[in-house]
Amino acid sequence: MKVLVTGGCGFLGSHVCELFNKKGWDVVSYDSMTKYELKRTGYGTDATRDYNWNYLKGLGVTMVKGDIRNLEHLTDRTEGCDYIIHTAAQPAMTISWEDPELDFSTNVVGTYNVLEVARRRKIPVVNTSSIHVYGNSINESLKDGETSYIREPVEIPETQPVMVGEISPLHASKMSAEHYVRAFADMYKVKAASFRFTGIYGERQFGGEDHGWVANFAIRSIFGLPLRIFGTGKQTRDILHAQDGAMSYLNFFENPIPGVYNIGGSSPHKISLLECIHLIGDILGKKQEILFEQERPGDMRYFICDITEAKKFGFNPKILPREGVSKLLKWIDENREVFNIQK
Ligand SMILES: NC(=O)c1ccc[n+]([C@@H]2O[C@H](COP(=O)([O-])OP(=O)(O)OC[C@H]3O[C@@H](n4cnc5c(N)ncnc54)[C@H](O)[C@@H]3O)[C@@H](O)[C@H]2O)c1
């Protein structure tokens, strides 16, 4: 069996490539090796994407440098594939405000091209979407707890209205991509799904303040740098380790029911920013310095996935936050030299 993973050198994509490789699949990583969001973290820009490239190459994954906005090149490279997993994206809200054209061309045109390839080749495809499509009107239904926001009912299903409240170009591009997924499933019977992912974290995540907050806190804690929180720190998610996230794509391939699915840890993985910082400090045995800043516009204060629908095709996350965060911290500690931090 052969799978092409767009964004294979990204954080989530690299875990998907690794999982399918371990399961004996022939894996192609298709990535443009863009570093725009990494430039802003300051964490070893040049080394980071290359780290994932070298890691996957070492596993025997076929590495292709290519841009999903180029339909013919992408079509060419999917020769013989049985499945496409689409994780390539402009994933950061902040960058979508600053460069909406990049956001649109990558997330909308790029996803359209991926779907068109799946249609031509008659193979299943999963588009990686985000809980951001729900919009931040959820903020209006929250109570203020001591260390986290609280909501009843705790978990939110896919029937929750989408795009309510103030939306950014990232919301618009991710939602447009989902509409195309549905159109290709309805009109051309492509076995296509969109996975609305919650916050993902894990090894090989070079998270910064724009994207990947668990890794950002973990990296800064290890290097003894102050942590910046935008807002109260009570923002809450059901964080999902990337290995569990990668497994969801394999589950779908084994039981490909087209649709839209929440993919998150659900209630057992519920954690706020403050609680996560406390957990990291507890594992490392240190107390971090925290700086509070103004909440960022468009910030969603709460999301805990109801994953009943995804369980129907076999999704079953297993790595709880303490175990997953410990794995992430161990990896950062063992790879200190990759980060461009002198401390
Ligand atoms: N990390 C999270 O917490 C999170 C949460 C919800 C949804 N998601 C979604 O998961 C997916 C992967 O996110 P990630 O955190 O791994 O991001 P990432 O930035 O680490 O990976 C994205 C990869 O896509 C590649 N890419 C960008 N533009 C490309 C193009 N035009 N052609 C080919 N490759 C291109 C990048 O080089 C990068 O390797 C995205 O769709 C993101 O929106 C992530």
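Of the 343 residues of the protein chain, 48% count as buried. Here a residue is buried if 20 or more other C-beta atoms lie within 10 Å of its own, exposed if 12 or fewer, and partly exposed in between, with C-beta atoms placed from the backbone. The model is predicted: local features need pLDDT of at least 70, side-chain atom pairs count only at pLDDT 80 or more, and totals for chains, interfaces and linings use all residues. Residues are numbered from 1 along each chain as its sequence is written.

The protein chain holds eleven helices and 16 strands. Its radius of gyration is 19 Å, close to the 20 Å that the globule rule gives for 343 residues, so the chain is as compact as a globular protein of that length. The radius is taken over C-alpha atoms, and the globule rule is 2.2 Å times the number of residues to the power 0.38. Helices (H or I, at least four residues) and strands (E, at least two) are DSSP runs, numbered from the N terminus. The C-alpha trace spans about 55 × 45 × 35 Å along its principal axes. Two residues are in contact if their C-beta atoms, placed from the backbone, lie within 7 Å. Among contacts between residues at least 6 apart in sequence, 83% join residues at least 24 apart.

Strand β4 (residues 83-86) is buried on both faces. Y83 and I85 point one way, I84 and H86 point the other way, and all are buried. Two strands pair if DSSP finds at least two bridges between them. Strand β1 (residues 2-6) runs parallel to β4 and is joined to it by four bridges. In this pairing T6 stands opposite H86. β4 also pairs with β5 in the parallel sense, over three bridges. There the bridge partner of H86 is N127.

Strand β11 (residues 236-238) runs parallel to β16, and two bridges join them. T236 stands opposite Y302 in β16.

The ligand is surrounded by 28 residues, of which G7, G10, L12, A88 and A89 are the closest. A residue counts as near a molecule if its C-beta atom, placed from the backbone, lies within 6 Å of it. The shell divides into ten nonpolar, 13 polar and five charged residues. Ala, Val, Leu, Ile, Met, Phe, Trp, Tyr, Cys and Pro count as nonpolar, Asp, Glu, Lys and Arg as charged, and the others, Gly among them, as polar. α1 (11-22), α5 (100-121) and β5 (125-130) each supply at least two residues of this shell. The largest share, three residues, comes from α1.

F104 lies in helix α5. With 18 C-beta neighbours inside 10 Å, F104 counts as partly exposed. Leaving aside neighbours within four places in sequence, F104 is in contact with P169 and S173. The C-alpha atoms of F104 and A89, 15 residues apart along the chain, are separated by 9.8 Å.

Helix α7 (residues 213-222) has nine of its ten residues buried, so it is largely enclosed by the rest of the structure. Its cover includes β9 (200-201), β10 (227-230), α9 (273-284) and α11 (321-334). The largest nonpolar core has 79 residues, and V214 and A218 touch the most other members. Such a core is a set of buried Ala, Val, Leu, Ile, Met, Phe, Trp, Tyr and Cys residues joined through C-beta atoms within 7 Å. Beyond four places in sequence, the contacts of V214 are G199, Y201, G207, I239, C276, V325 and L328. Just after α7, G224 takes a positive phi of about 70°.

K122, in the loop between α5 and β5, has a positive phi near 55°. With 10 C-beta neighbours inside 10 Å, K122 counts as exposed. S266, in the loop between β13 (259-263) and β14, has a positive phi near 60°. With 22 C-beta neighbours inside 10 Å, S266 counts as buried. A cis peptide bond joins E152 and P153, with omega about -10°. P153 lies in the loop between β7 (149-150) and α6 (169-188).
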